[in-house]
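I opened this entry to record what I looked up in the structure, going from the chain as a whole to single residues.

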Amino acid sequence: MRLVFAFKVILTTAIAIGLVNIIARRPWLSNSRYFEGVALSHDLSLQVKFGEPVWMRVDQTAHYRADTDEGGEEFAKLVPRGGHTVRIKDAETGENRIYTVTLFHQLKCLGIIRDNYAAKRPPSSTTRHCMNYLRQSILCHPNMSIEPAVNNLGSAVRGYETVCRDWTKVYEEVDRLHGMTSDVRRV
């Protein structure tokens, strides 16, 4: 039972961190290089106009469970309908390149870890890649917010409010790149 609770805490934290990584990057501070119809910063971050911040409650949820088919379906829906990759044409070379949007790569990895955990299998090479990738992502773009804790071990308070950038704007931009009308979803 403790293992299931620990997994849920880690998974919930990883999802929150993945969403907050968008906030930490601040691509609007970078010099831009323009690809055909897409503004990218010098580090190839999508230039998304986030607008006003959104409120989010970080808390336990009945969604995204590791032990139900519905949880797997919910994780699958976190990745845009057109997939987690986008094709972007370089205006200088005319070459089409395939990129993965980090947010969606992270969410896809969480789904892979969840599926591996739900199947009670030893970690696959893809699962190991995902664990390492998420570790590196968290270290590269750490969320420096403080969270309420109930003891010196860092056990988290069951829920709290936070302010995020509107991640639905990233879904809208990727849907646009896929040539689809936006199907905005909230986590």
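For the polar contacts in this entry I took a pair of N or O atoms within 3.5 Å, where within protein one atom must be able to donate a hydrogen and the other to accept it. The model I worked from is predicted.

Overall layout. I found 5 helices and 6 strands in the chain, and from the N terminus on I read the order of elements as α-β-β-β-α-β-β-α-α-β-α. Of the 187 residues in the chain, 37% are buried. I also looked up the contacts between residues at least 6 apart in sequence, and 64% of these join residues at least 24 apart. For the accessible surface I noted about 11,700 Å², with 55% of that area belonging to carbon and sulfur atoms.

Strands 4 and 5. I saw strand 4 (residues 85–89) pair with strand 5 (residues 96–100) in the antiparallel sense over 5 bridges, and the partner of Arg87 in strand 5 is Ile98.

Helix 3. I noted that helix 3 (residues 102–118) has 17 residues and reaches 24 Å from its first C-alpha to its last, close to the 24 Å expected at 1.5 Å a residue. Its buried residues include Leu103, Phe104, Leu107, Leu110 and Ile113, and also Arg114 and Asn116. After the helix comes Lys120, for which I read a positive phi near 55°.

Gln106. I then found its side chain in a polar contact with the side chain of Ser137, at 3.3 Å.

Cysteines. I found 1 disulfide in the structure, formed by Cys109 and Cys130 with their sulfur atoms 2.3 Å apart. The pair links distant parts of the chain, with Cys109 in helix 3 and Cys130 in helix 4 (residues 125–140), 21 residues apart. The torsion about the S-S bond of Cys109 and Cys130 is about -70°, so I recorded the disulfide as left-handed. Both Cys109 and Cys130 are buried. I also looked up Cys140, which is exposed with a relative accessible area of 54%, whereas Cys164 counts as buried at 3% relative accessibility.

Note on methods. Residues numbered from 1 in each chain as written. Predicted model: local features only at pLDDT ≥ 70, side-chain atom pairs only at ≥ 80, totals over all residues. Heavy atoms only, no water. Helix = DSSP H or I, 4+ residues; strand = E, 2+ residues; numbered from the N terminus. Expected span 1.5 Å × (residues − 1). Buried < 20%, exposed > 50% of the residue type's maximum accessible area, 1.4 Å probe, protein only. Pairing = 2+ DSSP bridges. Contact = heavy atoms within 4.5 Å. Areas by Shrake-Rupley, 256 points an atom, 1.4 Å probe, with all protein chains shown as cover. Disulfide = S-S within 2.5 Å.
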